[in-house]
Amino acid sequence: MNQSAESNVQDNANEKKIDLPTPFEWLTNFSSLAYYLNPDRLFPNVSSDKEKRKLHVLHVGSGSSILGEFLQLKFPTYDLVVNVDNDTEILYAMKQRWQRRSYCGAMKYVFMDFQEQQDEKSDILQTTKSDSFLDECPSYTLFDLILDKSTLDCLLCSNDGTAGLICKVYKRLNAGGVYFCVSFHQADFIKSLLEDCPGTDWTVENYAVPRKVDSPLVLKKYDEMMQNNIDLILGSESCHGSNLDNEKSNSSMCSEASAWSDGCFNPNEAYGRTVNIFICRRRGTHSSNEGAVQEDCLDFEAVNKHIHKMNDKYFKMTNPLVTHIRKRQLKESFVKRIKELDEEEGRDSSNGVLPLKACYDILFTEAEKEHLPFEYFMEDWNAFCEDCCQDDQATSRNNAEDGMTFETAIKFLAAMQ
């Protein structure tokens, strides 16, 4: 960078004076991941090269994480780390913080919003907010390692964000490169979501590791060491616990724990103590062409459809509307309500059919009714009759008009979730 450019950056930094943030590692810290991030293990071919090729890293959803700092300090082979986030304020603060450290490495901070749908021909790192203080990433850059610490988890709650993330990650991942995804979700769910994603050509490995969260005192100590330019040994007990060999041992003994059983939340003593690592390695040979860009982009619509399908399947499995407990309670409510109506109206409900309004009142809780008013319920019921009762048109018409039995109600709930 020339003197003029350096001056402009400093001027912008002075104009944007904000308190430097306290680093925060969401989900787990560096030491729990270090063994698997070691380039000697992750990229053995690079480590054996005589030229010792340097590796480029993209850290998505970086926030106030200092994972990139740890990577460069512990593993100098990672010579460029590009931190991307959609929060410009935190990007400003983290860049200022990095510039004031005694240690200087190739660290960039770039604005990027995965939830913004862009033209397939547009560059995925092209920022939508122009700012002279934030960095620009070369449009041709491919990355050997793309880090994602729970960003995928967060975007699964969005409409199209997950598809945007995966499409952009895949396009920017070098052949032989690794998408390193850390997730709090169940392994079977995320592994299937990534492994079966349409258009991708990568292998997916999964490891469960102990979850570790740094205390404020540890983070303060790290900052003091950086300010004083003290050599940092990340594997030592003084900063981040056990060494890398122990990390391997701990992770191999660790097993995933789910808190969901038959639709009920039943966390055991192991719940919350582990996280899952997914190592997605793109097939092919590394390209040494600095101007290379991956041409085989993923189909956004196909990826989005796959994600929604997997999300729905997982939600139905872990949080079904029809659990054995709810089924028993609904049956009791149906029987009780039918008897009450028979007494009130002097009718004989030997066929077990309950009027639709009464069914609606029984089937859903007050909280569920806030999201599903009666008119929406009727739309779903009519659609159910059309889709699921094709073999018996008369029954379909009668049910739609008269009501439903307990058995039909259970089928309706299972189909409509």
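**Close-up 1. Helix 9 passes helix 13 in a right-handed crossing.** A crossing is right-handed if the near helix is turned clockwise from the far one by less than a right angle, and left-handed if anticlockwise. The model is predicted: local features need pLDDT of at least 70, side-chain atom pairs count only at pLDDT 80 or more, and totals for chains, interfaces and linings use all residues. Residues are numbered from 1 along each chain as its sequence is written, and side-chain values use heavy atoms, with hydrogens and water left out. Helices are DSSP runs (H or I, at least four residues), numbered from the N terminus.

**Close-up 2. Helix 9 (residues 187–195) packs against helix 13 (residues 300–318) at about 160 degrees, with axes 10 Å apart.** Axes are lines fitted to C-alpha atoms over the stretch in contact, and angles run from 0 to 180 degrees between N-to-C directions. The two helices are therefore roughly antiparallel (over 145 degrees). Phe189, Ser192 and Leu193 of helix 9 meet His306, Ile307, Met310, Asn311 and Tyr314 of helix 13, where contact means heavy atoms within 4.5 Å. These residues comprise 5 nonpolar, 3 polar and no charged. Ala, Val, Leu, Ile, Met, Phe, Trp, Tyr, Cys and Pro count as nonpolar, Asp, Glu, Lys and Arg as charged, and the others, Gly among them, as polar.

**Close-up 3. The axes of helix 8 (residues 161–172) and helix 13 come within 9 Å and cross at roughly 125 degrees.** Thr162, Ala163, Gly164, Ile166 and Cys167 of helix 8 touch Phe300, Val303, Asn304 and Ile307 of helix 13. This contact has 6 nonpolar, 3 polar and no charged residues.

Methods
Angles under 35 degrees count as roughly parallel, over 145 as roughly antiparallel, 65 to 115 as roughly perpendicular and the rest as oblique.
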